[in-house]
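I opened the model to look up one hairpin and the charged pairs around it. My entries follow in the order I made them.

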Amino acid sequence: MPFFIARTKSGNLPVYREYKQARNIKETVIRKIHGDMEALATELKKITSNSDIRIKVGNLVIRGLHGQVIRNYLYRLG
């Protein structure tokens, strides 16, 4: 795997949901990513029905609420 996602201190995956502009914009954020974020973004596009994914430093921001789908995918990866 060309990327690694570190767990939080409590042992959970760092997948969060964020709301912006009076809850009109809903986003899913993945934090603590190390390695090739482009490879992770292409894999997540397949899972999230080609949602818009923005790459930031150490984070991926995905348009829409896809937390449960992403968590299931990451749990299956190990």
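This is a predicted model: local features need pLDDT of at least 70, side-chain atom pairs count only at pLDDT 80 or more; totals for chains, interfaces and linings use all residues.

Residues are numbered from 1 along each chain as its sequence is written, and side-chain values use heavy atoms, with hydrogens and water left out.

**Entry 1: the hairpin**

I took strands as DSSP runs (E, at least two residues; helices are H or I, at least four), numbered from the N terminus. Two strands count as paired if DSSP finds at least two bridges between them. Strand 2 (residues 15-20) and strand 3 (residues 25-30) pair in the antiparallel sense, over six bridges. I found lysine 20 opposite isoleucine 25 in strand 3. Four residues separate the two strands of this hairpin.

**Entry 2: the turn**

Which residues in the loop between strand 2 and strand 3 did I look up? They were glutamine 21 and alanine 22. Glutamine 21 has a phi near 50°, a positive value in a residue other than glycine. For alanine 22, also not a glycine, phi is positive and near 55°. I then checked exposure: glutamine 21 counts as exposed because its relative accessibility is 58%, and alanine 22 is exposed at 73%.

**Entry 3: charged pairs**

I counted a salt bridge where a side-chain nitrogen of Lys or Arg is within 4 Å of a carboxyl oxygen of Asp or Glu. The structure holds four salt bridges. One of them joins glutamate 18 to arginine 31, with the closest N and O atoms 3.1 Å apart. Glutamate 18 is in strand 2 and arginine 31 in the loop between strand 3 and strand 4 (33-35), so this pair ties together parts 13 residues apart in sequence. Glutamate 18 is partly exposed at 25%, and arginine 31 is partly exposed at 32%.

**Entry 4: glutamate 27**

Is glutamate 27 buried or exposed? Glutamate 27 counts as buried, because its relative accessibility is 3%. Lysine 20 forms a salt bridge with glutamate 27, the closest N and O atoms being 3.5 Å apart. Lysine 20 is partly exposed at 35%. Arginine 54 also forms a salt bridge with glutamate 27, at 2.5 Å between the closest N and O atoms. That pair links distant parts of the chain, with arginine 54 in strand 5 (residues 53-56) and glutamate 27 in strand 3, 27 residues apart. Arginine 54 is partly exposed at 31%.

Methods:
Buried means under 20% relative accessible area, exposed over 50%, partly exposed in between (1.4 Å probe, protein chains only).
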